[in-house]
Amino acid sequence: MPPPDVWLFGYGSLVWRPAFDHAERHPAFIDGWTRRFWQGSTDHRGVPEAPGRVVTLVAEPGARCWGVAYRIAPESADEVFAGLDHRERGGYARIELPVHFVEPGPAGPVPSGRVAGARMYLATADNPNYLGEAPLPAIAAQIARCRGPSGANLEYLVRLAEALRDLGAADDHVFALERLARELASPL
Ligand code: BEZ
């Protein structure tokens, strides 16, 4: 029997910058989870004295989180996940959930009916960098002013929002933050 497919679901920077070998890339979603800028970043989009904010998943009945499913060849899976585990060591754990694949529909992507188990990264409230909920203007202000070794926090937000628009994906939290943070970063 050939080794089983390994799938990775990206809902943050992996949507727009999959810096790992992958065999396939498909728009997809997970149900029962929502994307939130509630995780602090002290090593990528902020620094320990001024943490940026990056995304995590928060369980929410009825919610849907859009992203991208990547198929990783079985022979590269160990190396890919060792690299990602190291990069995301600032508070993320790996979980596995069902991902739903989509196909184009007349008014945007629609479920194709294909489902697979996929690995993904989750920062829970008990990790030391967790920041949690805050008013949207405060989160936007933090994103607008922070930067870290991987670049500006605003770039992370804007590139994620652009990639989600390209997928035809809805995300009120991300799009509202993008609007607020852009206004703060370049006042008229
Ligand atoms: C992502 O892009 O899916 C992601 C990667 C690492 C941590 C959290 C999310």
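Q: What should the 14 residues of helix α5 (residues 172-185) span at 1.5 Å a residue, and how far apart are its end C-alpha atoms?

A: The model is a predicted one. The expected span of a helix is 1.5 Å times one less than its number of residues. For helix α5 this gives 20 Å, and because the end C-alpha atoms are 20 Å apart, the two values agree.

Q: Which residues of α5 are buried, and what do they pack against?

A: A residue is buried when its relative accessible area is under 20%. In α5 this holds for His173, Val174, Ala176, Leu177, Glu178, Leu180 and Ala181. Their packing partners are β2, α3 (136-145) and α4 (153-167).

Q: How is helix α2 (residues 74-87) read in these terms?

A: Helix α2 has 14 residues and reaches 20 Å from its first C-alpha to its last, close to the 20 Å expected at 1.5 Å a residue. Its buried residues are Ser76, Ala77, Val80, Phe81 and Leu84. The elements that cover them include β1, α1, β3, β4 (92-105) and β5 (108-123).

Q: How many residues are in the largest nonpolar core, and which have the most contacts inside it?

A: A core of this kind joins buried nonpolar residues through side-chain atoms within 4.5 Å. Here the largest has 57 residues, and Phe9, Ile30 and Phe37 have the most contacts inside it. Strand β3 (residues 52-72) gives the largest share of this core, 10 residues.

Q: Is phenylalanine 9 buried or exposed, and which residues does it touch?

A: Phenylalanine 9 belongs to strand β1 (residues 6-10). Its relative accessible area is 1%, so phenylalanine 9 is buried. Not counting residues up to four places away in sequence, phenylalanine 9 touches several residues, including Ile30, Trp66, Val99 and Met120. Sequence distance and spatial distance are also to be read separately: phenylalanine 9 and arginine 71 are 62 residues apart in sequence, with 9.0 Å between their C-alpha atoms.

Q: Is arginine 35 buried or exposed, and which backbone oxygens does its side chain reach?

A: Arginine 35, in strand β2 (residues 24-41), counts as buried because its relative accessibility is 1%. Its side chain reaches the backbone oxygen of tyrosine 11 at 2.7 Å and that of tryptophan 66 at 2.8 Å. Leaving aside neighbours within four places in sequence, the contacts of arginine 35 include Leu160, Asp171 and His173.

Q: Is proline 104 buried or exposed?

A: Proline 104, in strand β4, has a relative accessible area of 79% and is therefore exposed. Not counting residues up to four places away in sequence, proline 104 touches Pro109 and Val110. Its C-alpha atom is separated by 34 Å from that of histidine 44, 60 residues apart along the chain.

Q: What is the volume of the largest pocket, and which lining residues lie nearest its centre?

A: Rolling a probe the size of a water molecule over the atoms shows where empty space is left. In this model the largest pocket has a volume of about 380 Å³. Its lining has 24 residues, and Ser13, Arg87, Glu88, Tyr92 and Tyr156 lie nearest the centre. At least two lining residues each come from β1, α1 (13-16), β2 and β3.

Note on methods:
Residues are numbered from 1 along each chain as its sequence is written. This is a predicted model: local features need pLDDT of at least 70, side-chain atom pairs count only at pLDDT 80 or more; totals for chains, interfaces and linings use all residues. Side-chain values use heavy atoms; hydrogens and water are left out. Buried means under 20% relative accessible area, exposed over 50%, partly exposed in between (1.4 Å probe, protein chains only). Helices (H or I, at least four residues) and strands (E, at least two) are DSSP runs, numbered from the N terminus. Contact means heavy atoms within 4.5 Å. A polar contact is a pair of N or O atoms within 3.5 Å; within protein, one must be able to donate a hydrogen and the other to accept it, and residues adjacent in sequence count only if both atoms are side-chain atoms. On a 1 Å grid over the protein atoms alone, a cavity is a set of points where a 1.4 Å probe fits but cannot get out, and a pocket is an open set with protein on both sides within 12 Å along at least five of seven lines; lining residues have an atom within 4 Å of a point. Grid points are joined across faces, edges and corners, and a volume is the space filled by probe spheres set on the points.
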